[in-house]
Amino acid sequence: YTLTLIGNPARNESHSYFNKLINLSRDQGYREWLTIEPAIPRDELASRLKNFQVFIHNFDGSLDKTLLEATLCNLNVITSNKEFINEFGSWDGQNDDYSLTSEFESFYNLSTTDRNRMKRNRVSYVLSNHNIDQWIKKTVNVLKSKGES
């Protein structure tokens with residue numbers, strides 16, 4: 001297995017941690033499996049991500065667009081993000097008790113057939129529920145509800 005971290009630190013507080021990771025990736029014990037790359041220009045993202053099989057994400061805020069992008073790039077998404085799991089389901093089929101570790105373990109305990117089925121379902125869900133038409137409808141509904149109050 002290899003791990004490739006792509007991106008730049010988002011906050012000033014993250015620079016120290018990021019620099020530690022870069023130094024770690026240069027160490028002989030990590031160099032063979034850990035790679036750190038800078039952010040990828042958006043127009044190169046899909047072609048670059050097709051070289052990977054899994055997208056690991058550990059941000060627990062709102063539904064992150066990177067999760068939708070990774071799903072549309074046909075990657076298996078392993079995340080602790082509650083919003084994503086509520087919409088797309090967890091790898092073990094239980095949406096009430098999960099963590100990044102449990103999602104990771106559940107993913108690797110599934111057969112290739114089950115993983116691929118779930119990945120196809122997730123791609124289909126994004127295409128049906130997170131397209132521009134759906135975004136416009138949801139925005140209009142929010143605006144209408146604010147106008148009624």
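Predicted model: local features only at pLDDT ≥ 70, side-chain atom pairs only at ≥ 80, totals over all residues.
**Entry 1: counting pairs.** I searched the whole structure for aromatic pairs. The search finds 7 of them.

**Entry 2: Y30 and W33.** Next I checked accessibility. Y30 has 30% relative accessibility, so I note Y30 as partly exposed. W33 has a relative accessible area of 34% and is partly exposed.

**Entry 3: F88 and Y125.** How do the rings of F88 and Y125 pair: stacked, tilted or edge-to-face? They are edge-to-face, with 70° between the planes. Centre to centre, I read 4.9 Å. Then I asked where the two residues lie. F88 is in helix α5, residues 82-88. Y125 is in helix α7, residues 112-129.

Is F88 buried or exposed? F88 is buried, because its relative accessibility is 10% and buried means under 20%. Y125 comes out at 28% relative accessibility, so Y125 counts as partly exposed.

**Entry 4: a ring cluster.** Which residues do ring pairs link into a cluster? I list Y1, W91, F104, F107 and Y108.

**Entry 5: charges over rings.** I went back to two rings of the cluster, F107 and W91. R115 has its charged end over the ring of F107. The distance to the ring centre is 4.4 Å. Over the ring of W91 I find the charged end of R122. That end is 4.4 Å from the centre of the W91 ring.

Notes:
Residues numbered from 1 in each chain as written. Heavy atoms only, no water. Phe/Tyr/Trp six-rings, centres within 6.5 Å; stacked < 30°, edge-to-face > 60°. Buried < 20%, exposed > 50% of the residue type's maximum accessible area, 1.4 Å probe, protein only. Helix = DSSP H or I, 4+ residues; strand = E, 2+ residues; numbered from the N terminus. Lys NZ or Arg CZ within 6 Å of the ring centre and 35° of its normal.
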